[in-house]
Amino acid sequence: MLAMSGCSADEAMRFGWPEGVTPQARDMTTLWSWSVVAALIMGALVWGLTFWTITFHRKKEGTPDFPRQTGYNVPLELFYTAVPFVIVAILFYFTVLVQTKVEKMEPNPPVLVDVTAFQWNWRFGYREVKLDDGTQLNLEKPNPYGTQPKPGEAVMVDGKEKHGPNNGRFQEIRDYLHFSKIETQGSSAEIPVLVLPTNTRIEFDLASADVVHSFYVPQFAFKRDVFPNPQQNHTNNRFQISEIDRPGAFVGRCAEMCGDYHSMMNFEIRAVTPDKFAQYIKDRLAGEDNAAALAAIGEQPQAVTTAPFNTRRTARTASSVGENN
């Protein structure tokens with residue numbers, strides 16, 4: 001079956017997982033692969049013992065009603081008890097090792113990306129970028145949503161003093177969101193393309209403007225829920241990848257049911273070499289839009305891994321629901 005399907009040994013050993021493009025993804029894939037191998041070995045042993053019992057210990061004419069029992073066999077029962085504990089301990093040990101690598105955070109990564117999810121698309125912005133020539137760019141812009149009142153404080157709304165829900169917080173004041181001088185926002189007509197450099201540590205800061213979403217890139221073998229008000233929801237909304245090991249285009253998705261068009265909420269990671277990334281940032285700062293800056297460095301200006309979706313909304317639906325894209 002392996003030969004007929006044309007699968008390589010590497011593809012077969014991944015057991016359905018995509019090929020990772022980060023060291024963290026490869027570590028997780030290795031853990032997954034050997035966990036499946038261990039489970040298959042254990043399964044084969046259990047299946048073998050089961051079928052052996054069914055085949056050779058059936059009741060036959062002239063035999064006792066029950067075969068010889070192994071109850072109160074202390075060495076065998078100790079063995080049955082010890083082996084599962086050893087298996088669990090080994091899996092736990094390697095899981096902790098891999099999880100520690102995946103969750104590792106280093107200070108001052110060269111690229112810090114703000115990811116904002118909303119129904120039903122994405123907005124990406126570069127907060128901090130360090131170019132290969134050592135230039136450090138701080139690209140953050142002021143948040144236009146204002147500032148939430150401190151706990152216990154009140155704000156004036158329509159000339160009246162009011163306390164908002166959630167201990168004085170107002171939903172329309174999203175002061176936890178970040179904005180950048182270089183942003184890419186998707187719409188129902190355009191897939192947002194996030195351009196990132198290869199061989200560079202990158203940090204992602206996730207936040208939602210409305211409901212809970214989930215940031216998922218299959219080639220990263222990693223996903224993390226994207227919450228509104230991450231501090232109040234006690235969520236760890238940051239993670240890092242040590243590098244993307246090769247240029248390419250990789251689809252990203254929302255992995256949390258977030259509304260009508262959840263399944264269409266895709267984006268694309270476009271990994272380019274550091275020199276191309278530096279030129280891309282300079283072109284964006286010069287006023288070029290995302291597509292023009294991509295074309296200027298020899299990249300396809302639109303997404304190549306996924307396509308926009310047709311919302312099929314009527315004018316009445318759009319006016320009543322709101323154009324969130």
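## Salt bridges across the chain

E106 forms a salt bridge with R201, with their closest N and O atoms 3.3 Å apart (a salt bridge being a side-chain nitrogen of Lys or Arg within 4 Å of a carboxyl oxygen of Asp or Glu). E106 sits in the loop between α4 and β1 (111-118), and R201 in the loop between β9 (193-197) and β10 (202-208), so the pair ties together parts that are 95 residues apart in sequence. Helices (H or I, at least four residues) and strands (E, at least two) are DSSP runs, numbered from the N terminus. This is a predicted model: local features need pLDDT of at least 70, side-chain atom pairs count only at pLDDT 80 or more, and totals for chains, interfaces and linings use all residues. Residues are numbered from 1 along each chain as its sequence is written, and side-chain values use heavy atoms, leaving out hydrogens and water.

The structure holds 13 salt bridges. Another one joins the side chains of D245 and R26 (2.3 Å, N to O). Here D245 is in the loop between β13 (238-241) and β14 (248-254) and R26 is in helix α3, so this pair links parts that are 219 residues apart in sequence.

## A buried pair and its network

D205 and R127 also meet through their side chains in a salt bridge (2.9 Å, N to O). D205 belongs to strand β10 and R127 to strand β2 (residues 121-130), so they tie together parts 78 residues apart in sequence. D205 counts as buried at 6% relative accessibility, and R127 is buried too, at 7% (buried means under 20% relative accessible area, exposed over 50%, partly exposed in between, with a 1.4 Å probe and protein chains only). Shared partners join D114, R127, E203, D205 and R238 into one network of salt bridges.

## The nonpolar inside

The largest nonpolar core has 51 residues, and Y126, F204, F215 and I244 touch the most other members. Such a core is a set of buried Ala, Val, Leu, Ile, Met, Phe, Trp, Tyr and Cys residues joined through side-chain atoms within 4.5 Å. Apart from that core lies another, of 6 residues, among them F118, Y176, A207 and A209.

## A nonpolar patch outside

Over on the surface, a nonpolar patch includes M42, W47 and I87 among its residues (patches take residues with over 30% relative accessible area and no salt bridge, joining like charges within 9 Å and nonpolar side chains within 5 Å). Helix α3 gives the largest share, 7 residues. W47 has its place in α3 and is exposed, with a relative accessible area of 53%.

Definitions and conventions. Areas by Shrake-Rupley, 256 points an atom, 1.4 Å probe, with all protein chains shown as cover.
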